[in-house]
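Biologist: I would like to learn how to read salt bridges and cavities in a model of this kind. Please take me through them in turn.

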Amino acid sequence: MLRIDLTSKRLLLKRLSVDHVSTEYLSWLNDPEVNGYLEIKGKQTLAMLTSYIEQQYNNEVYFWAIHLKDSNKHIGNIKIDPINFEHKSGEYGILMGDRPNWGKGYAKEASLRIIKYCFEELKLSKITLGVIQDNINAVKLYEKIGFTIDEVKIDAGIYNHKLSNSLRMSLHAKNFK
């Protein structure tokens with residue numbers, strides 16, 4: 001991935017690099033309210049985070065840090081990985097780590113910008129994602145964007161201390177507004 005920085009009305013999306021590693025970023029990963037629906041369950045260290053970001057960077061993953069335009073504050077991350085260029089599809093993921101900025105529409109704004117980039121610039125025709133069914137806010141966001149449920153995996157894992165289902169969702173370029 002070349003250094004592809006993108007902008008939207010209120011956000012700067014910058015290629016994620018070790019420059020983004022901070023104690024604040026680390027705190028997101030170790031916050032049970034932030035990571036309740038993620039595969040990682042805390043106990044992360046700065047060394048682990050740095051190693052992960054270096055690996056993603058070196059593998060040229062399409063991975064951006066979400067920054068507020070007005071303050072340059074890093075509030076989350078978004079990525080499309082893996083991408084299968086032969087099948088013109090990619091897997092979407094987002095982490096909104098900065099809790100004071102939850103509920104302000106930044107996840108939707110960042111998602112729309114990245115999805116537009118994927119369909120228009122990368123020429124993908126489909127974007128997929130996985131989400132825990134109990135993560136109501138995320139499921140609502142994805143449905144507002146246009147994702148539809150393709151599959152329900154029953155008892156996919158323990159999230160927020162309970163056995164949970166997961167959803168596989170997709171969005172096709174032809175259905176993206």
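Biologist: How many salt bridges does the structure hold?

Modeller: A salt bridge is read from the distance between a side-chain nitrogen of Lys or Arg and a carboxyl oxygen of Asp or Glu, with a cut-off of 4 Å. This predicted model holds 7 salt bridges. In one of them, the side chains of arginine 10 and glutamate 109 meet at 2.7 Å, N to O. Arginine 10 is in the loop between β1 and β2, whereas glutamate 109 is in helix α4, 99 residues apart.

Biologist: Is glutamate 109 buried or exposed?

Modeller: Buried means under 20% relative accessible area. Glutamate 109 counts as buried because its relative accessibility is 14%, while arginine 10, at 31%, counts as partly exposed.

Biologist: Which parts of the chain does the pair of arginine 168 and glutamate 91 tie together?

Modeller: The closest N and O atoms of this salt bridge are 2.8 Å apart. Arginine 168 lies in strand β8 and glutamate 91 in strand β5, so the pair ties together parts 77 residues apart in sequence.

Biologist: What volume does the largest cavity have?

Modeller: The largest cavity has a volume of about 30 Å³. Its lining has 5 nonpolar, 1 polar and 1 charged residues, and helix α3 supplies the largest share, 3 residues.

Methods: Residues numbered from 1 in each chain as written. Predicted model: local features only at pLDDT ≥ 70, side-chain atom pairs only at ≥ 80, totals over all residues. Heavy atoms only, no water. 1 Å grid on protein atoms, 1.4 Å probe; cavity = no way out; pocket = protein on both sides within 12 Å on 5 of 7 lines; lining within 4 Å. Points joined across faces, edges and corners; volume = space filled by probe spheres on them. Helix = DSSP H or I, 4+ residues; strand = E, 2+ residues; numbered from the N terminus. Nonpolar A, V, L, I, M, F, W, Y, C, P; charged D, E, K, R; others polar. Buried < 20%, exposed > 50% of the residue type's maximum accessible area, 1.4 Å probe, protein only.
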